Structures are given as structure tokens and as C-alpha cells.
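Please work through the following exercises on helix packing and on a pocket. Each task is followed by a solution in steps.

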Amino acid sequence: MIHVTLLAYTPQPEKTVAAAAKLCYSPAKIETVMDGLTEEKTASFLDMLSDLGHDSPVEHASFTFGIENVSRSLLAQITRHRIASFSVQSQRYVREKCFEYVVPPEIEAIPEAKAEFIAAMEEDQAHYERLTALLKAHHLEQQAAAGETVNERAAEKKAIEDARFVLPNACTTKMICTMNARELRSFFAHRCCGRAQWEIRDLANQMLREVLAVAPNLFQKAGPGCLNGACPEGKMSCGKAAEMRRFYAQLKEDVKKGLVAE
């Protein structure tokens, strides 16, 4: 199961964005730009920015997430969001001993398909281990032939560099990801959408819950594009805009209730 941790974020993210907006629209001085930004005034500035479509001040707030138990397939999707920073556990340097993997829900639901999938994962693991052993032995022989000091660690590193090519997209990985609030809004608009692939949609929903807990006004309209108007997918729409609006209204209400309970 995907696990998301909000590791760090800009201190007072909403006030920081409001201060940037205040500077744009008033003769405020840098040394006093944060003065007078009560919760009410901060929320008012954020509403104004939303109404104006003025998004550049929103970029001053950044959020860093720890993401675990996602597939390499998801990695290929999330890195398409290029105004972001990613640090991903490397298969070049970390050996995949008994690698974990993500089972798609549709496969999980069909016993025969699940059995076939697991067999494929076990076969991939066996090939990976065999290739690693063969390549490591080859690199050790090369070291000896060259009169070098035998270095098992170096030989294994070179081995897993190439052995990893047999690992599947299902293989899990972990990463640290940082995005500013503007890019996060874009990320949510695309990846909370009903047409997004199930795994990255689950990730986006978890990330949305995390940021709503610390910056509810900044992300009050965040979610798929259909929350704030007609579905931007046009003829490719899932046709479930009303259902999506109910889902995200409930998600935001649940986060709000959780904060009050705390």
C-alpha cells in the first residue's frame, strides 16, 4: 500500500504566499510585508489570487514528500511533472533482494490472474539473482586477470547495474519529491482525475490530504479539473463529474474534521 509522509514544507506557507501577493498589490516594504497578515487577511489574499488567476505568488510555498511502496511504472508517470525535484532509490546501487512489487487491483481480484502475476514476479527475481551471480563472477575474473585487488563490492555493483534490466515495472521503489504549491495544484488537476491511472490517483489523493492539513486555504479548490467547472477532458471525460465533486468535498471535510479532533 502506498505510504506518503509530508517531510517538510515552507514555514507558514499560506502567509508566505499572501505576503508575496501583498507586495505585488500594495506599497508594502519587505521588512513589514508580513505584518498584519491575520488568518482572515491571509485567506482573503489567497481568494483574491484564485479569482484573478494570479498564480506566481503560489510558487513561494514548497512541500516535500516521502513516498513509499509505489511501482517503477508510477515513477515514469510522476517524473513527467517537470517543475519538481525527485530523489529516487537507485537500482544501480541498491540490490533488489526479494524485491517487493505492486499488484494491480484488477489482477488481485482474479485468482488465476494473480497466480500468473506472482509466478512472473518470482521468475523475474530468479533471473535477476542468476544474472547478478554470473556478472559478478565475470567482473571478479576480470579484476584477477588485470592483476587488481579483488573487490567484491565493486564487482557486485557492476553486476546489478546490468541485472536490473530484467526487473519489472511492478517492482516497488521509494522517493523524496518536492513541488511548489502551483505545481501541486497542476499535479492534482491531472492525477486526481478519474481518467488518471489508479496508482498515481491514489498517490495524488494521499498527497492532497497531507497538504490540506497544513494549508487548507491554499488547496481549497485543489483536485480534478471538474471541481471548478466543466470537465477539461472534453469527449474523453469519465462522465462522473458529480460523483467526483462529492468525493473531494467529503475528502476535504474529513481532513478538516480530523484537524478539529486533534
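The model is predicted: local features need pLDDT of at least 70, side-chain atom pairs count only at pLDDT 80 or more, and totals for chains, interfaces and linings use all residues. Residues are numbered from 1 along each chain as its sequence is written, and side-chain values use heavy atoms, with hydrogens and water left out.

**Exercise 1.** Determine how helix 1 and helix 2 are arranged.

Step 1. Helices are DSSP runs (H or I, at least four residues), numbered from the N terminus. Helix 1 covers residues 13-25, and helix 2 covers 39-52.

Step 2. The two pack at an angle of about 65°, with their axes 9 Å apart. Axes are lines fitted to C-alpha atoms over the stretch in contact, and angles run from 0 to 180 degrees between N-to-C directions.

Step 3. Helix 1 and helix 2 are therefore roughly perpendicular to each other (65 to 115 degrees; under 35 is roughly parallel, over 145 roughly antiparallel and the rest oblique).

Step 4. Contact means heavy atoms within 4.5 Å.

**Exercise 2.** Describe the packing of helix 5 and helix 6.

Step 1. The axes of helix 5 (residues 111-145) and helix 6 (residues 152-163) come within 8 Å and cross at roughly 135°.

Step 2. That angle makes helix 5 oblique to helix 6.

Step 3. Among the contact residues are Leu131 and Leu135 of helix 5 and Ala155 and Ile160 of helix 6. The contact divides into nine nonpolar, four polar and five charged residues.

**Exercise 3.** Characterise the largest pocket.

Step 1. Its volume is about 380 Å³. (On a 1 Å grid over the protein atoms alone, a pocket is an open set of points where a 1.4 Å probe fits, with protein on both sides within 12 Å along at least five of seven lines; lining residues have an atom within 4 Å of a point. Points are joined across faces, edges and corners, and the volume is the space filled by probe spheres set on them.)

Step 2. Of the 20 lining residues, Asp55, Arg185, Lys221, Ala222 and Asn228 are the closest to the centre.

Step 3. Helix 2 and helix 7 (181-191) each give two or more residues to the lining.

Methods
Nonpolar A, V, L, I, M, F, W, Y, C, P; charged D, E, K, R; others polar.
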